[in-house]
Structure formats: structure tokens, C-alpha cells
Amino acid sequence: MAQIDNLPPLSDVIETHGLAARKSLGQNFLLDLNLTSKIARQAGDLRGSDVLEIGPGPGGLTRGLLAEGARRVLAIEKDTRCIAALDEIASAYPNQLKTINGDALEANPLEHLQAPIKVVANLPYNVGTELLIRWLTPAEWPPFWDSLTLMFQREVAHRIVAKPGDKAYGRLALLAQWRAEPRIVMELPPEAFTPAPKVSSAVVHLTALAEPRFPASGPHLSRVTQAAFGQRRKMLRASLKGIFKDPTAVLESVGIDPTARAEVIGLEQFCALARVLKGN
Ligand code: SAM
């Protein structure tokens, strides 16, 4: 196995610092530094970019990011036990790694970062989806990040990239594809992690678009997709009753068959519905 730095192997780091994985923190560690470097490379050329990493744990991905040339890494880790291990990485890369010991759902990392910023993370799955939604719905667009490179449960990754007609197609796909370009760039089996989770994982890379793909207001698009997918087996003329007085007329006005179901309707048509809702 090629050496990426002069720090000890991750299995030694875990033993030295007593980092037995905790289920409550969603800890499934990546111990193969070739693999973590490969994940880091999925974020593109890191030289000249600051990287926000959430949940560095014992620092496998952090070391991959630094070895791949990230200008600076800001790592937010909730588990205090990991901080000493991360400090050792910071000593090996002077002035390039800053660690915050806290909850990523509460921290405000932006004061420590300079554009261009890439977000890279192998996160606990529950926190990952919540953060993704936050990163995709900032008050202003373009967001603080140029790209997000995130590990998800494979099934969630497929929901992010799904197209109309796919089983996984729904609100997450529409939200991700409205203002970003998401791609699955790696698939990982459970055995890639220690301990191995029950499910497979995938890395999704999302590039922020300069402008939304189609004009719409975020809150109105969200209301339309919530109504449409809240009752996804219903025809749209029924599921949109709660938000439009005459859904059939509205659907016809934007060229959608009123008997169609949400799962076959594309982003452009949902944006058209969001504009009508806003105009009402
Ligand atoms: N990045 C490491 C790796 O690839 O080996 C660890 C990945 S592990 C799946 C998730 C990490 O996120 C753990 O280190 C865990 O302690 C941390 N974590 C869990 N919830 C967090 C939160 N709300 N904020 C910050 N870190 C969190």
C-alpha cells in the first residue's frame, strides 16, 4: 500500500487514542488511506481551495484531503476523543488543518473559510441528508460552496440523482438537480468501513450551478413538490387540490396532463407550477 504521509496507520491511531467506534455517532471509519485519497480526488483539484470536512473521526479522509493538496481543511468533529488524533495531523501539516470540536448542525464554519470552498465528508447518514438539504437551500444563491462530495447510503445517493420515472425519483432529486449537478462518482461495499455497516454506500459529487436550471422561488417549489409527492400515487389534479383552487386548469396551463402522477413530471414542469403558485 502506498504511503500518503509520515503519520501512523489509522489502526494504530485508533488504538493509541482509544477510538472504539460508537454507534450513537454513526461511526464507521475508513482505514485505507488509498481509498480516502481516492475519495478526496473525487472533489477535483484541491490545490487553491479550502475544504470543509464534517465528521473527520480519526482523520483518514482528512489525511487524504491534505495529501491531495487542499489549501486548508476545516474539520468539524463532535466526538472529543478524536481531537488529539486530529491535532497530530495538524502538526504534520502546519497551518493547514483547523479542527472544531462541535456539532456540525450548530457550528458556523464560514468565518474560518475562504472561497473557493469545497465540502467533502463521510458523514453519519442521518446528519448527511439534513446537511445536504441545508446546503442546497441557502438564503442566497450561489451558495458558499463550489462543490459537495459526500458519502451517503447507496439508496439515498440514488434518490439524489434519480430522473423522472425512476423508483427513487422525488423531492430530494428535484432539490438537488434544480441548482446543482449531482453525480454518483464511487460505490463502496460495507467492508470498506470499520465496523462494516449493513448497507452499501456511494459518494455523490454535486457541483453548484451559477443559476437555477429553471426560474422558480425555492419555497414555492418546495410547496409544490411537497403536495405532489406527499401523495405520490394520486393523480396531480387530486394531489394539488390543497395548493390550487382549480388544479386541472393550472396543470393544463403549463402543459401537464392532469391525470399524470408526480413521479413522471420533470423539474422544468415543477418549476412552472411553482411560478403559477407564486403568482396566485
Ligand atoms: N470521516 C471519518 C472516516 O471517513 O473514517 C469518519 C466517518 S464516520 C461515518 C462519521 C463521523 O462523524 C464520526 O467521526 C462522528 O463522530 C462524526 N459525527 C457524527 N455526528 C456529527 C455531528 N453532528 N457533527 C460533527 N461530527 C459528527
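At what angle do the axes of helix H2 and helix H3 cross, and within what distance do they come?

Reply: The model is predicted, and what follows describes that model. Two packed helices are described by the angle between their axes and by the distance between those axes. For helix H2, residues 33-41, and helix H3, residues 60-67, the axes cross at roughly 60 degrees and come within 8 Å. An angle from 65 to 115 degrees would count as roughly perpendicular, and one under 35 as roughly parallel. H2 and H3 are therefore oblique to each other. Their crossing is right-handed. On the H2 side, the contact is made by Leu33, Thr36, Ser37, Ile39 and Ala40, and on the H3 side by Gly60, Leu61, Arg63, Gly64 and Leu65. Sorted by class, the residues of this contact are five nonpolar, four polar and one charged.

Another pair is helix H7, residues 171-179, and helix H8, residues 218-230. Here the axes are 10 Å apart and the packing angle is about 155 degrees. The cut-off for roughly antiparallel is an angle over 145 degrees. H7 and H8 are therefore roughly antiparallel to each other. H7 passes H8 in a right-handed crossing. H7 supplies Arg171, Leu174 and Trp178 to the contact, while H8 supplies Gly218, Leu221, Ser222, Thr225, Gln226 and Phe229. The classes in the contact of H7 with H8 are four nonpolar, four polar and one charged.

H8 also packs with helix H11, residues 267-279: the two axes come within 8 Å and cross at roughly 115 degrees. H8 and H11 are therefore roughly perpendicular to each other. This crossing, too, is right-handed. From H8, the contact uses His220, Leu221, Arg223, Val224, Thr225, Ala228 and Phe229. From H11, it uses Phe270, Cys271, Leu273, Ala274, Leu277 and Lys278. By class, the contact of H8 with H11 has nine nonpolar, two polar and two charged residues.

Next comes the ligand. There are 19 residues around the ligand, and Leu30, Gly55, Glu77, Asp103 and Asn122 come nearest. Leu30 has a backbone N or O atom 2.8 Å from an oxygen atom of the ligand. Glu77 instead places a polar side-chain atom 2.6 Å from a ligand oxygen atom. For Gly57, a backbone N or O atom lies 3.4 Å from an oxygen atom of the ligand.

The remaining details concern the backbone in loops. Most residues other than glycine have a negative phi, and most peptide bonds are trans. The peptide bond from Trp141 to Pro142 is cis, with omega near 5 degrees. Pro142 sits in the loop between helix H5 (125-136) and strand S6 (147-153). The bond from Thr194 to Pro195 is also cis, with omega near -10 degrees. Pro195 belongs to the loop between strand S8 (193-194) and strand S9 (201-208). Asn95 is not a glycine, but its phi is positive, near 60 degrees. Asn95 is found in the loop that runs between helix H4 (83-92) and strand S4 (97-101).

Definitions and conventions:
Residues are numbered from 1 along each chain as its sequence is written. This is a predicted model: local features need pLDDT of at least 70, side-chain atom pairs count only at pLDDT 80 or more; totals for chains, interfaces and linings use all residues. Side-chain values use heavy atoms; hydrogens and water are left out. Axes are lines fitted to C-alpha atoms, for helices over the stretch in contact, and angles run from 0 to 180 degrees between N-to-C directions. Helices (H or I, at least four residues) and strands (E, at least two) are DSSP runs, numbered from the N terminus. A crossing is left-handed if the near helix is turned anticlockwise from the far one by less than a right angle, and right-handed if clockwise. Contact means heavy atoms within 4.5 Å. Ala, Val, Leu, Ile, Met, Phe, Trp, Tyr, Cys and Pro count as nonpolar, Asp, Glu, Lys and Arg as charged, and the others, Gly among them, as polar. A residue is near a molecule or strand if one of its heavy atoms lies within 4 Å of it. A polar contact is a pair of N or O atoms within 3.5 Å; within protein, one must be able to donate a hydrogen and the other to accept it, and residues adjacent in sequence count only if both atoms are side-chain atoms.
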